[in-house]
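The sequence and structure are shown first, followed by the description.

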Amino acid sequence: MNTKHLDLLAQIYDSEEKVVTEIINLEAILNLPKGTEHFVSDLHGEYQAFQHVLRNGSGKVKEKIEDIYKKVLTEKEIKEFATLVYYPEEKIQLLKNNFDNERELHQWYTVIIERMIKLISYASSKYTRSKLRKALPNQFVYIIEELLYKTDEFTNFKEPYYSKIVQQIISLGQADKLIIGLAYTTQRLVVDHLHVVGDIYDRGPEPDKIMEALINYHSVDIQWGNHDVLWIGAFAGSKVCLANILRICARYNNLDIIEDVYGINLRPLLNLAEKYYGDNPVFRPKIQSDVKISEEEQLQITKIHQAIAMIQFKLESPIIKRRQTFNMAERLLLEKIDYDNSEITIHGKTYPLENTCFATVNPEQPDQLLEEEKQVMDKLLFSVQHSEKLARHMNFLMKKGSLYLKYNGNLLIHGCIPLDEEGNMEKMVIENKTYAGRELLDVFEHYLRYSFAHPEETDDLATDMVWYLWTGEYSSLFGKREMTTFERYFIKDKATHKEKKNPYYYLRENDEVCRNILTEFDLNPDQGHIINGHTPVKEIEGENPIKANGKIIVIDGGFSKAYHSTTGIAGYTLLYNSYGMQLVAHKHFNSKEDVLLNGTDVLSVKRLVDKELERKKVLETNVGEELIQEISILNSLMEYRYMK
Ligand SMILES: O=P(O)(O)OC[C@H]1O[C@](O)(COP(=O)(O)O)[C@@H](O)[C@@H]1O
Ligand SMILES: [Mn+2]
């Protein structure tokens, strides 16, 4: 550290006492147990289900309540109290209806405030006071601290001092607010840090609300999923990514996200769709059973769906042609069509085409966009890049996100590390240089960030590379040989729909392979784990999410309703606290109303993945490393300034 830096630092720590206090504070933190990490993945726009998991901390809230109250409260009371902590505003309103008079209500307030304070005291026992203070609702910090620090085994709430404070809160009409604040503090205390292992966007209806929740969350990182980079790509100027997100929104009846949430005008696309397309059964949107939608609207979406799918297929072609190294010539499907006979030859086999919608395709130059299609895409891209809300969400994804993350000795990735059948890292040549393993992921991320920083460039390598991340064979996010979207729309033979997975997906069962991957990322293979999302775990078929002797854990959260029938349960989340790692299985999430009224939680058994031999301390974590550096800098300051 040079003296200039130390002089600057001395402006903040302008007395010996301040430096000493901070060093002691940081040293103390290092020796506290590590905070709880919470891993979730594949949220796919299912905001309500995600909220629930976030609010109950994958069962941590209830666990803490049970630790304290199991012997004192009935199961029903515990459920009700837990629900109050998850959804305080709504639950208070519901419960209030149960009281006949004010006296009863006040009694209830008194009891609940006492319970909440005890819960917070317990949930914060492994944190410093300063950290707890930051988690408390601003307007009540003083009052809560009074209640907290004077409440211990020697005193209790019955004493006049405390009951006076509580009675005052109630009579000043502040009890609801206090309870709500305490509930959120509890939620915040049980989970120290959240990892979202990819796929916030697509299929479900409210990815924007998930983004808002993450923006407001106290501590979070994101490992981009293939669907997230598709949105980033669209915002960064990739028209083919944009066509894809619109196609998926149409397919899942989510165009509201585009129009109403992000304010993108779909009128030009609709006009084009109305002109060239009619009804088509394979392009009918997927509609959830509880959604009401008119026949007319369905037909409109069906037309948009076809219009944008055809634009997508056309846009893929020039990229495949200009990027030989993507090795995607097989995907030049529009050129493989025999338009007279309505057939296509793929991998040497000819198939009849069904439900086609090629009105805008010129068989001589099948990838050429009509002038109208071009204009529609230009307008759409303009509006996407000028949506303030989308800009805010995409900027957040870039700021908190990365392609992979090394955190507390573990490797977090959404999709895979592309491998060949022998388990070697697959090589890809980009601009005459060969990359594999970690270097390949680093170069992918480099291009993605470049593309995002240059939204005006739409056909450069960086922008094309974002699309490659969505669909390319060696993309660490896709992890399959080819994406058979075209085949699934137009060819009946299901064999053509199959997307062959990268060998990673069977090799990851082998602990040697996982150890190699961890080593490739400079992680200790004895201690580290790979935390993986992306592929739904088919518990129905007996698949185990914990693989390779616990070296890898697959936590597709299974939030996506569309995929529930293939998984059998809703999916998994993971908790990692100072005692070890626990996998939590979730049943289907019905609705918030169901939780509020019946206290139904959707968690099932927890499975221990790994148990720490000794309780892990902050000292041994990523945060610990940073604190150690801070302490060393403060020691330098101490010597330089105050110990002469
Ligand atoms: O179920 P849909 O909407 O047809 O989507 C299928 C497509 O989604 C993908 O599975 C990618 O999405 P996931 O990352 O959720 O798996 C593609 O491989 C596949 O082509
Ligand atoms: Mn995915």
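Two strands are said to pair if DSSP finds at least two bridges between them. In this predicted model, strand β12 (residues 530-532) and strand β14 (residues 552-554) are joined by three bridges and run parallel. Within this pair, N532 stands opposite V554 of β14.

Strands β12 and β14 belong to an open sheet of five strands, ordered β8-β9-β12-β14-β13, in which the pairing is mixed. Because β8 (404-407) and β13 (546-547) each have a single partner strand, one side of each is left without a neighbour in the sheet.

A further open sheet has three strands in the order β4-β5-β6, and its pairing is antiparallel. Its edge strands, β4 (337-338) and β6 (349-352), each pair on one side only. Two bridges join β4 to β5 (residues 343-346), and these strands run antiparallel. Here I337 stands opposite I344 in β5.

| Strand pair | Bridges | Direction |
|---|---|---|
| β12 (residues 530-532) and β14 (residues 552-554) | three bridges | parallel |
| β4 and β5 (residues 343-346) | two bridges | antiparallel |

D256 is located in helix α15. Patch residues must have over 30% relative accessible area; D256, at 49%, is partly exposed.

Conventions: Residues are numbered from 1 along each chain as its sequence is written. Chains are lettered from A and ligands numbered from 1 in the order in which they are written. This is a predicted model: local features need pLDDT of at least 70, side-chain atom pairs count only at pLDDT 80 or more; totals for chains, interfaces and linings use all residues. Side-chain values use heavy atoms; hydrogens and water are left out. Helices (H or I, at least four residues) and strands (E, at least two) are DSSP runs, numbered from the N terminus. Buried means under 20% relative accessible area, exposed over 50%, partly exposed in between (1.4 Å probe, protein chains only).
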